[in-house]
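Me: I have a structure to go through with you. Let us take it one question at a time.

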Amino acid sequence: RDEALEWMIRIHSGAISDAMRAECDAWRTQTPAHARAYRDAELLWQDVGHVRSHSSSHTDDRLQQEPGRNTWIIAACLLLFIGASLMEPVREWISVATADYHTGVGEQRTVALEDGNTIQLNTDTAVNVAFSDGRRQLNARALGTAFSVRHHQDTTTVTVMEHSVQVTLSPSAENVPLIVHEGEQALFAPAQGLRGARRVDLGMQTAWQCGKLIFQNKPLAEVVAELSRYRHGHILILNPALRHLSVTGLFDTATPDVALRIIHRTLSIHETTFTPYMVLLH
């Protein structure tokens with residue numbers, strides 16, 4: 001949906017080339033999901049006064065002549081688009097707010113459990129604690145160890161910092177457990193199941209525990225997604241070509257906006273901030 005809105009903004013910016021228009025057509029027809037997202041974004045755009053769709057071969061001259069008005073329309077469209085996408089975040093917020101332990105955006109917290117173990121929660125995290133395996137779908141059994149668990153969208157990762165962890169998809173005897181050793185990470189995704197453990201850089205994986213984020217030759221899109229976890233609002237990359245720019249650096253989780261400024265200056269890209277809750281990279 002974010003990509004569809006980005007295309008809509010570029011299409012109606014008054015400065016789109018034929019090549020980019022063809023690129024948009026290719027993206028829009030790539031999958032049915034892309035087509036649906038594009039139609040939804042187009043309807044939102046029309047709701048704020050853009051009655052001409054991408055199928056038109058002519059640019060609205062009035063929009064070219066009123067760049068200030070254009071900016072406000074873009075801002076209004078972004079707000080409408082976000083509003084239409086709020087239902088799932090609201091449900092997630094309720095789930096987080098009712099969890100046994102949770103942190104807000106940018107907050108970190110260490111919790112001592114009644115069995116003597118401790119949990120260190122990163123930004124925007126929720127944990128329900130039950131000393132039973134009966135209701136878990138992804139189980140991680142600690143074998144005298146230190147490990148981290150991260151669930152993002154449909155993917156869950158288990159990273160082991162000390163000793164080893166036994167991971168299984170359910171407590172039934174039919175599933176063969178996977179032993180993940182120190183310095184390894186296992187990944188589970190519904191479409192792919194439980195993947196075998198792989199070696200990872202523990203320094204990078206655990207830097208957040210010291211309030212740091214370390215990136216080494218990571219694409220800008222991945223870096224922005226990680227920084228977004230530590231701040232409120234949205235960061236949108238308007239130009240698809242920018243998503244693959246390589247970023248290397250060490251940043252403070254307490255100041256994600258400072259990291260953004262350093263990145264856009266270093267990469268010589270532009271940043272437009274409508275409010276602290278809406279930042280555009282282009």
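This is a predicted model: local features need pLDDT of at least 70, side-chain atom pairs count only at pLDDT 80 or more; totals for chains, interfaces and linings use all residues.

Me: What percentage of the residues is buried?
Reply: The protein has 282 residues. Those that count as buried make up 34%.

Me: Among contacts between residues at least 6 apart in sequence, what share joins residues at least 24 apart?
Reply: Take the contacts in the protein between residues at least 6 apart in sequence. The share of them that joins residues at least 24 apart is 51%.

Me: The structure holds one aromatic pair. Is it stacked, edge-to-face or tilted?
Reply: The partners are Phe-215 and Phe-251, with ring centres 6.1 Å apart. Planes under 30 degrees apart count as stacked and over 60 as edge-to-face. Here the planes stand at 45 degrees, so the pair is tilted.

Me: How many residues apart in sequence are the parts that this pair ties together?
Reply: Phe-215 lies in strand β13, residues 212-219. Phe-251 lies in strand β15, residues 246-252. The pair therefore ties together parts whose separation in sequence is 36 residues.

Me: Is Phe-215 buried or exposed?
Reply: The relative accessible area of Phe-215 is 6%. The limit for burial is under 20%. Phe-215 is therefore buried.

Me: Which element supplies the largest share of the largest nonpolar core?
Reply: This core has 19 residues, and those with the most contacts inside it are Leu-220, Leu-227, Ile-263 and Leu-281. Elements that each supply at least two residues include β13, β15, α9 and β17. The largest share is four residues, and it comes from α8.

Me: Which residues does Ile-263 contact, leaving aside neighbours within four places in sequence?
Reply: Ile-263 is among the residues with the most contacts inside the largest core. With those neighbours left aside, its partners are Leu-220, Val-223, Leu-227, Val-247 and Phe-251.

Me: Which residue has its charged end over the ring of Tyr-38?
Reply: A charged end sits 5.2 Å from the centre of its ring. That end belongs to Arg-28.

Me: Is Asn-217 buried or exposed?
Reply: Asn-217 lies in strand β13. Its phi is positive, about 55 degrees, although it is not a glycine. Its relative accessible area is 54%, and the residue is therefore exposed.

Me: Where does Ser-268 lie?
Reply: Ser-268 is not a glycine, yet its phi is positive at about 55 degrees. It counts as exposed, at 62% relative accessibility. Its place is the loop between α9 and β16.

Me: Which side chain makes a polar contact with that of Thr-159?
Reply: Thr-159 lies in strand β7. At 2% relative accessibility it counts as buried. The polar contact spans 2.7 Å, and the partner side chain is that of Gln-185.

Me: What is the length of the polar contact between the side chains of Gln-205 and Gln-185?
Reply: Gln-205 is found in helix α7. It is partly exposed, with a relative accessible area of 32%. Beyond four places in sequence, Gln-205 touches Thr-159, Gln-185 and Val-200. Its polar contact with Gln-185 has a length of 3.1 Å.

Me: What distance separates the C-alpha atoms of Leu-245 and Ala-221?
Reply: Leu-245 is in the loop between β14 and β15. Its relative accessible area of 29% makes it partly exposed. Ala-221 is 24 residues away along the chain. The C-alpha separation is 8.1 Å.

Conventions. Residues are numbered from 1 along each chain as its sequence is written. Side-chain values use heavy atoms; hydrogens and water are left out. Buried means under 20% relative accessible area, exposed over 50%, partly exposed in between (1.4 Å probe, protein chains only). Contact means heavy atoms within 4.5 Å. Rings of Phe, Tyr and Trp (its six-membered ring) pair if their centres lie within 6.5 Å; planes under 30 degrees apart count as stacked, over 60 as edge-to-face and the rest as tilted. A charge sits over a ring if NZ of Lys or CZ of Arg is within 6 Å of the ring centre and within 35 degrees of the ring normal. A nonpolar core is a set of buried Ala, Val, Leu, Ile, Met, Phe, Trp, Tyr and Cys residues joined through side-chain atoms within 4.5 Å. A polar contact is a pair of N or O atoms within 3.5 Å; within protein, one must be able to donate a hydrogen and the other to accept it, and residues adjacent in sequence count only if both atoms are side-chain atoms.
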